[in-house]
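Open your viewer and get ready to pick residues by chain and number.

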Amino acid sequence: MNALREHFEILMKDRLGMIGMAILVSFVLIAIFAPYIAPYDPMESQYRPDGSFARMDPPSREFIFGTTRMGRDVFSQVVIGSRVALIVGIVSAIASTLIGVNVGLISGYYGGRIDNFLMRLTDIVYGVPFLPFVIILVAILGPSLGNTLLAIILISWRTTARVIRSQVLTLKQRVFIEAAKVSGAGNLRIIYRHIMPNIVPMALVYTAMNLSTAILTEASVSFLGYGDPLLVSWGKTLHMAYVAQAIYDAWWWVVPPGLAITLLVLSGFFISRAYEEIANPRLRQR
Amino acid sequence: MEPIVKVSDLKVHFSGRRGLFQSLIRSEIKRVKAVDGVSFDIVPGEALGLAGESGCGKTTTAKTLVRLYKPTAGEIQFERQNVAPLEGRELREFRSKAQMVFQDPYESLNPRFKVKQILIEPLEIHGLCSSYAERTKRVKDTLNMVGLKPPEEFLDRFPHEMSGGQRQRVAIARALVLRPKLLVADEPVSMLDVSIRAGILNLLSELIRDLKMAGLYISHDLSLIRYVCQKTAIMYLGRIVEIGPTEEIIREPRHPYSQALLAAVPVVDLDVHSRIEVEGEAPNPIDVPPGCRFHPRCKKALEICRNEAPPMVRVGNRSVECHLYV
Amino acid sequence: MNEIILSVKDLKIHYATKRGLLKAVDGVTFSVAKSQNLGLVGESGCGKTTAAKSILRLLPKNASIAGGEILLKGHDLTKLPLEEIRRLRWQEVSMIPQSAMNALDPVYTVGEQIVEAIKAHSHVTHKEAMERVNYLFDLVGISPKRINDYPHQFSGGMKQRVTIAMALALNPSLILADEPTTALDVIVQAQILKRIRELQEAIGSSMIMVTHDMSVISETCDHVAVMYAGKVAESGPIKAIFEEACHPYTLGLRNAFPSIFGEAKRLISIPGTPPNLISPPPGCLFRPRCPFAVEICSVQEPAMVEVSLGHRVACHRIDKVDEIREMAAMEETWSKIQAV
């Protein structure tokens, strides 16, 4: 509990970190209460008060962000779409951190053959281009949120693994680790009780960055048309606008989802920057 | 009294890594002979000082004694058992009886652990004390033993919330909480301010005496060793060149290196000036001179010193490894 | 008598920290005459390194000289702009740092580094500079063949000799030695200290030796200033400080050094820790740890008083100095103070 409070205190000190946190929390709330906030069903065609089909309407009192060519309310799409974005972002951030941290810890601490194997694996994953891989995997396995998530997680742990491993290499030389060995601590205890708490700040830097890249990747995948056909997502909204060749005509269709993506991705980077100041005290201003 | 620790011909060699080029030309792997045949005993309640300059192998010896390194050769008899080859459960059992205090009080404590956690951990690892309440009591007792009173005031503190002297006391408490039989101290006061060193030195002397532990005290500063240790061993380039009662060695050093070491010690006395009796610096443990290791710098070197390694010769109460005394 | 090379008067240096203004040096006065050695002795946080470095303005950005004067041959260094100070560096005042690693750039040969320092501060040709380097190496005891070696090819002691050669390159009037032998083994330390003393006499420069080790002081210095919590507790000729110390802190410090020869005496700690220099308590800053404190010590800071020629002490209880000296030698005196 103490750690969490310390956590927030430090984030609050950095203005950008605060802003990032505020944006993230707002979106999370929107996502949680989405069904109550969205005025209409995002996939249902809407009609104007006078009964006519609400096709390509600019923002109005009934439709805050206007409507699409199919008459769908853009605002509802953005609100409901936040769910996909956040699920992808948060799940992938957590999963890639868990995998990356453990790979880094084990690889860095044990060294030798284990390290070689894990690092060669990481190198291979590094060689794979992120977006094309996600697209190909989704194309093979079928477009679904789960497959997109899987593809993202399979790749994005690589940065965390490398960075954490390098931190572990330095940490394991420190005297308090030697002292733990003399006390009789076994390897697992040293890795998870002694080393891990000291790498958490750095891991969080990459967790936040992972959030951003995951959201961006999912949006890109959906934009290209490989997103889950049954779900509403910001990328899909943009995809529909593109397919309808409406990008130049209906700015209201494009700007809101684009802005939502931008804001959420930025928030991840701001938070990551704030963590970096904790993880690397040399960055802190005196 | 029967010694609780008997080290015989201990050797700790590290192999330098071969680069690609050296592998190609198949050059010999250079080995760093950090400790190259060291023998000594320690009796319970007694402190043995290991003195020498950097590169002499004293820290490696200390760390090998608590099995942070595995000996390349030789025996470490602890309570009649050779602990040199131990692994796994047996090694862990040995660890509950042999503990170490490190040089840097700012680094030897995990910055994220509170004092309570630092001290309880060894008890948890070895399954000592049957309940949390008992462990907490042992922790508090140990804090009292090292002079951190009242213990409650220190239990919830982090290392950065304490002074250097306090941190070192916590480090000593961590070693003591297991009530070990062997305590190794590696330059425990060199990073502390001068005016608080005395407190830590007095504490260590008393603990070794009162708890009847075997103590090994590492330092390059002979005046500190004089204060804490009854016996002293002077090391040079991986070997002990002189070992015996501290007062005797200090008053009348016999080995030329011991003489040079003692002559060089600066004294807080205006009438005594340190003298330089050797030139140059100790060579790297990779390039150990043949014959007597000290012969290139020794003013009293004989012809035999260049070719033959000297035997350990008994002179009165002590042993000296030098051809001059054969 | 002797020309005064450096005169520091009432120097005050403050650090701006997150928690407030830290008064690292708070009214320090000392002077160094020609060819004289002054030892600045004290423990961590006493301000000795800050005071010494301020002469060359080598302090971090958040430090500022808040008062006082630093008179080098009559010129007040605190009033000079940084470019002027830069000009003085190496030429008038040079420094031997604590760790040679901080002074030597690993990517240049040692010869190049000294030559660069020489050429930056004087108008000599490259050839003349190299000759000077040869001469300096000979002086410090390094074979001139090693001029083109890189720092990592030298041992610790040799690296320190290189930094000494660098410090002497331009025949400075004043050398600041900041714990120059702390990182060295005892035999190498003896060699280096001897060398520094010889060179200093040969060149005629003055020296300020900053250290926490009183034995190093007794080997090298003529005068001593004992510092505590940013102030000078006691200063004077070395004989006076060592044999007729008056300040309880000086006496306590003497107790803390184990002797290698003579009788093995019981070591006595000074209980407690130095005060918080951001919000120091009123009165004498040593009072919480002083066995001889009386009421006035918590109220008023003691002023520097001259007790004999050149020997000054800042303590309210000077009148009882004989009693104090006797009691300070006993352990019970100090253990009465409640502290760890």
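A salt bridge here is a side-chain nitrogen of Lys or Arg within 4 Å of a carboxyl oxygen of Asp or Glu. Side chains of opposite charge can pair when their charged atoms come close. This is a predicted model, in which local features need pLDDT of at least 70, side-chain atom pairs count only at pLDDT 80 or more, and totals for chains, interfaces and linings use all residues. Residues are numbered from 1 along each chain as its sequence is written, chains are lettered from A and ligands numbered from 1 in the order in which they are written, and side-chain values use heavy atoms, with hydrogens and water left out.

How many salt bridges does a search of the whole structure find? Over all chains, the count is 43. Here are some stops.

**Stop one: chain B to chain A**

Select Lys63(B) and Glu178(A). They form a salt bridge, with the closest N and O atoms 3.1 Å apart. The pair crosses between chains: Lys63(B) sits in helix 2 (residues 58-65) of chain B, and Glu178(A) in helix 8 (residues 175-183) of chain A. Helices (H or I, at least four residues) and strands (E, at least two) are DSSP runs, numbered from the N terminus.

Are these two residues buried or exposed? Lys63(B) is buried, at 13% relative accessible area. Glu178(A) is buried too, at 18%. Buried means under 20% relative accessible area, exposed over 50%, and partly exposed in between (1.4 Å probe, protein chains only).

**Stop two: chain B to chain C**

Now pick Glu206(B) and Arg266(C). Their closest N and O atoms are 3.4 Å apart, in another salt bridge. Glu206(B) lies in helix 8 (residues 194-210) of chain B, and Arg266(C) in the loop between helix 10 (248-255) and strand 11 (304-308) of chain C, so the pair joins two chains. Glu206(B) is partly exposed, at 29%. Arg266(C) is partly exposed, at 42%.

**Stop three: inside chain B**

Go to Glu247(B) and Arg226(B). Their side chains meet in a salt bridge of 3.1 Å, N to O. Glu247(B) is in helix 10 (residues 246-251) and Arg226(B) in helix 9 (residues 222-228), so the pair ties together parts 21 residues apart in sequence. Glu247(B) is partly exposed, at 34% relative accessibility. Arg226(B) is buried, at 9%.

**Last stop: a network in chain A**

Select Arg120(A), Asp123(A) and Arg162(A). A network of salt bridges links them.
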